[in-house]
Amino acid sequence: MEKIRSVLSSTPQQKEKRAFYSSHLSTGGKGRNEVEMKLTEDEAPETLIMTDEVDLIVQKPQNKKKALMFLVITMVLLLVIAFLLGYITFRNTCRTCPADTVECMAVVNDFDDSWQDTEEIPQSILHWTDLKTMLNKYIDKAKIIENIRMISERPHPAGSTELHQLNEVILNQFHSCSLNHVWTDSHYVTLPFPDSSSPNYLWLMDPDGGIQEKFGPLDQDVFLAYSPTGNVTGGLVYGNYGRQEDFRKLNQLGIKVQDNIVLIRIGKISFAEKVAAAQEHGAIGVLLYPDPADIPQMPRGSGPPGTTAISGHVHLGTGDPFTPGFPSFNHTQFPPVESSALPNIPALTISANIAFNLISKMEGPLAPPAWKGGFPYFIKYVLGPKFSKPGVQLQMNVASRMVSTMIYNIFGSIEGFLEPDRYIILGAQRDAWGPGAAKSGVGTAILLELAHALSEMVVNGFRPRRSLLFASWDAGEYGSIGATEWLEGYLTMMHLKAVAYFSLDRAVLGDDTPVAQSSPLLHQLIEKVMKQVESPNQGAQNLYKQITARFPNFKEEIIQPLTMESSAYPFTAFAGVPAMELNFREADQVYPFLNTKLDTFNTLNRKLNSRLGDFSEALAQVVGQMAIKLSHNELLPLNYRSYSEVILKYLMQLHTLSEELESRGLTLQWLFSARGDFVRAAQRLTNLIQSSDEKDERLTRIYNNKIMRVEFYFLSQYVSATDTPFRHILHGRGNHTLEALTRHFHLLQSEPSRFDEQLFRRQLALVTWTLQGAANALSGDVWSLTNNNF
């Protein structure tokens, strides 16, 4: 060894190299385990090998082969040792990450208060309270207010110059955030617009065909989209809210709806459902009006003037009705096909004043007491169909023009750090026929602020496992067209990638109580997050305490089913993705200016006593926290067992007439059995999750795949997505649904003559096998299934 050292120290250059490698090894630099250095011919003919002990072994040229073998063996052994040491060290540092993960992700267990987040340099831990604080810090209430003012400054309908200018603003704001991707998605869709060359009108005609009275003037900019054009003449029937039970009541009272126009109050159900029911019962036209009992009127009420009509659409569906089930990416590729959900009778929206005038001229039996609205006491609500003067009839004319229009959806995204192919989607309607402060302004402003806040959190240490997707939808006024066309374009991947959707439309309509329309999978998450957000009304309490103080049965009174008027509806009913829309509302009345030209920032803020910012911020906190939970938890906090209870409620209704069914040779046995299989499959999955290693990423991925697809499992595979787009057996529309089965079932008691046994058998089969399919999919592999019960 002394000889070796003397050789190394024989020249200044060799001394310098030894000092360099000794220093390099002592500081843990690259090549710590082994470094091979070949000296040049003029320095020495030896090969120097440096080990961890910094000893040097000199091999003479004649022993090169043995030295090379020794070198290779030494390198392999040292590499193995280094790998094992590194693995043990890394594993101790970050137990939540898989072995092949480069960065360690922050992980949250289901609703506990400990978040673990470790980065390579420096290591840090983010607790749930830290993330809530970060979200609070980066949500800027003043910026939300500023954006609501800007968005609702003037009307901006789809296809307009004003909306195009707003598109640029939204794009610029997305680009200013630290988002990974910003892009647009365009569609050609067919939209109706008022026809100035043929205005809408409503006239009272005398027996000779002359005009006795003109009602109006009608605001030609306020219309019902997708109403057929044309003019009809007939008597007038008062139909209350236009629900199926209202038309059945008219039939019981002997009032003829067929070949007459029906006057219907706005409220309870959508415009489209009212017109569809009237058409089903033989009406030739529909007039929709805001009754003072439902929508307060000025001067006595705090609502719009009596001359105000309310806009809407009457397509009993969502998306472009001329490409049902297909995306409108290129209108030249697919010829127009009219949706079966479009009405065949014209519909017109009128003001309360015009409705008051019409009712005062009608005669006939008095309406049931429960049908009396809010007109003065001296006005009698009569059913019609005749007018006070003999032979007088009502004539209505509806005109519109269909225009192929380019619409744009705008997107931004934050990529997940561990599962970027899983999306939590937040969306809001951008367009509005009027200023649209409540309709689209608040939701779009909250969307922009959440994009900003969550991206700032990522910059400052937040590491979501899954991706966050922010969507600004176009043509929402016409029935969630932008959202639905996007879903239709990417339907085959939605159930594979979309975890949940949150709609921000109509986010703030009052200053009282938050109400959620939601898939049952999200009910538990809503409740738990509301316990974490401070109430804007009572700062010392969280939202959950504020709500339950007045509504003890939280799930029954605050959480409601999804409705077709929400952009959340097609995500669940059409695409099989859990979805929710949350709104602050007044407890006992609707926001009276919605869908009118008076839906301005000042009107909305005044209605909320200048506290619009407080309620917008609170809603942003709720949705933001839910998005964080879903994007960051190891196990998705979706309560897949909730559907067991929902299905049971339907089955208990059906069970009441099981003996009557058996007398007809029918049985509910297989439906109950399918529900039992689903319950057992859900419990089995729960047991597997509880008994598994929560740090096993492979198993977690498998479990999450099952959980996030439960909603998709309830889409009937036995009906066409083009003919029956809302295939969900619990939230959808059509004969394949549990609701349709139950409604038909009750005909055995109410109207036995209308009960169709063949139709009932088909409905029962559709529901049973869809539910059985959901149970099978949740159970697992084919070798775990059995059909012995069938």
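**Aromatic pairs and their surroundings**

Modeller: Happy to! Let us begin with two residues, W473 and Y501: both are buried. Please keep in mind that this is a predicted model. Across the whole structure, a search finds 30 aromatic pairs. One of the edge-to-face pairs joins W433 and Y478, because their ring centres are 5.2 Å apart and their planes meet at 85°, where over 60 degrees counts as edge-to-face. W433 is in the loop between β20 (419-429) and α10 (437-459), while Y478 is in the loop between β21 and α11 (481-489), so this pair ties together parts that lie 45 residues apart in sequence. Both W433 and Y478 are buried.

Now back to W473 and Y501, which form a tilted aromatic pair, with 6.4 Å from centre to centre and 50° between the planes. W473 belongs to strand β21 and Y501 to strand β22 (residues 498-503), so the pair ties together parts 28 residues apart in sequence.

β21 (residues 466-473) runs antiparallel to β19, and five bridges join the two. Within this pairing, I410 has S472 in β21 as its bridge partner. Strand β19 (residues 400-414) also pairs with strand β6 (residues 181-194), again in the antiparallel sense, over 14 bridges. There, Y408 in β19 stands opposite S186.

Y238, Y289, F356, W371, F375, Y377, F378 and Y381 are linked by ring pairs into a cluster. Some rings have a charge over them: K268 lies over the face of Y241, 5.4 Å from the ring centre. In another case, the charged end of K629 sits over the ring of W128, at 3.8 Å from its centre.

Searching the whole structure gives four cavities of 30 Å³ or more, and the largest cavity holds about 80 Å³ of space. Its lining is made up of 13 residues, and those nearest the centre are N200, F223, L224, V398 and A399. Strands β9 (224-225) and β15 (347-349) are the elements that give two or more residues to this lining. By class, the lining of the largest cavity has ten nonpolar residues, three polar ones and no charged ones.

Terms used. Residues are numbered from 1 along each chain as its sequence is written. This is a predicted model: local features need pLDDT of at least 70, side-chain atom pairs count only at pLDDT 80 or more; totals for chains, interfaces and linings use all residues. Side-chain values use heavy atoms; hydrogens and water are left out. On a 1 Å grid over the protein atoms alone, a cavity is a set of points where a 1.4 Å probe fits but cannot get out, and a pocket is an open set with protein on both sides within 12 Å along at least five of seven lines; lining residues have an atom within 4 Å of a point. Grid points are joined across faces, edges and corners, and a volume is the space filled by probe spheres set on the points. Helices (H or I, at least four residues) and strands (E, at least two) are DSSP runs, numbered from the N terminus. Ala, Val, Leu, Ile, Met, Phe, Trp, Tyr, Cys and Pro count as nonpolar, Asp, Glu, Lys and Arg as charged, and the others, Gly among them, as polar. Two strands pair if DSSP finds at least two bridges between them. Rings of Phe, Tyr and Trp (its six-membered ring) pair if their centres lie within 6.5 Å; planes under 30 degrees apart count as stacked, over 60 as edge-to-face and the rest as tilted. Buried means under 20% relative accessible area, exposed over 50%, partly exposed in between (1.4 Å probe, protein chains only). A charge sits over a ring if NZ of Lys or CZ of Arg is within 6 Å of the ring centre and within 35 degrees of the ring normal.
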